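Take a look at the protein below.

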Amino acid sequence: MKIKLLLASLVIVIATLSNVHAQSKSDIYYNIGGGIGVEGNMGIPGINISNDLNYYLNKSLSLNPSLIFFQSTDFSERKTASNPYPELADKSTALLMNFAFQADLLNTNNGLDVGLAAGPSYHYGVDNYFRGYGNDEHNVLVSNGYQRISRSQIGLLTQLSFDWIGNQANRKQSIDLSVTGYDGYYGWHAMLTYKVGFLLKK
């Protein structure tokens, strides 16, 4: 219900901005980059690879479809003589497909744009949670393995973006802070991403 209300509010904001900002701008940028993140459901750190499009409807409003790959990086510890049973880490792999609407909230004189985006997000992925250790029939400590959970869920993406044009007029750079929410939990993925954008159409 909360997600439906947020999306309905977003549609109203978009309609209002479309009427207020009449200046036409049809730029299309393709952005690619990467960064760090965390799977907040279990607190698993990771990295992300992101690519998206910015299709500007006018000077301040754009449609931003994106595809993000997230992979956990908290690998298991090395087995040593002093640590014969290292704890095995939880693992998470996810593909996020998003369709966000972005409104530029601030345009500075030095070319920095600050934008806020929100929209639906589809999360497809697999999590493997380490189940700890136990004793076998010979009273030897053994791993209990992993619990595997496949996920397919629809939720909400919110994103704060900082964009600026570089030395080349047909390139831009951006830093995005994004957070997703699924299954009633907001903060499932939190990511900080650096991207380079290429102007496809002006």
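Predicted model: local features only at pLDDT ≥ 70, side-chain atom pairs only at ≥ 80, totals over all residues.

Residues are numbered from 1 along each chain as its sequence is written, and side-chain values use heavy atoms, with hydrogens and water left out.

Start inside. The structure holds one cavity of 30 Å³ or more. A cavity is a set of points, on a 1 Å grid over the protein atoms alone, where a 1.4 Å probe fits but cannot get out. The largest cavity has about 200 Å³ of space. Its volume is the space filled by probe spheres set on the points, which are joined across faces, edges and corners. Lining residues have an atom within 4 Å of a point. There are 21 of them here, and D52, Q159, S161, D176 and K195 are the closest to the centre. The strands that give two or more residues to this lining include β3 (61-72), β8 (146-165) and β10 (185-201). Strands are DSSP runs of E, at least two residues long, numbered from the N terminus. By type, the lining has five nonpolar, 11 polar and five charged residues. Asp, Glu, Lys and Arg count as charged; Ala, Val, Leu, Ile, Met, Phe, Trp, Tyr, Cys and Pro as nonpolar; the others, Gly among them, as polar.

Now find L116 in strand β5 (residues 113-130). Buried means under 20% relative accessible area, exposed over 50%, and partly exposed in between (1.4 Å probe, protein chains only). Leaving aside neighbours within four places in sequence, L116 is in contact (heavy atoms within 4.5 Å) with residues including F101, L105 and Q159. L116 and Q159 are 43 residues apart in sequence, but 5.8 Å apart in space, C-alpha to C-alpha.

Next, the rings. A search of the whole structure finds five aromatic pairs. Rings of Phe, Tyr and Trp (its six-membered ring) pair if their centres lie within 6.5 Å; planes under 30 degrees apart are stacked, over 60 edge-to-face, and the rest tilted. The planes of Y182 and W188 stand at 85°, with centres 6.2 Å apart, so this pair is edge-to-face. Y185 and W188 are also edge-to-face, at 6.1 Å and 70°. Y182 is buried at 0%, and W188 is buried at 4%. Y185 is partly exposed at 36%. Elsewhere, F130, Y133 and Y146 form one aromatic cluster.

Notes. 1 Å grid on protein atoms, 1.4 Å probe; cavity = no way out; pocket = protein on both sides within 12 Å on 5 of 7 lines; lining within 4 Å. Helix = DSSP H or I, 4+ residues; strand = E, 2+ residues; numbered from the N terminus.
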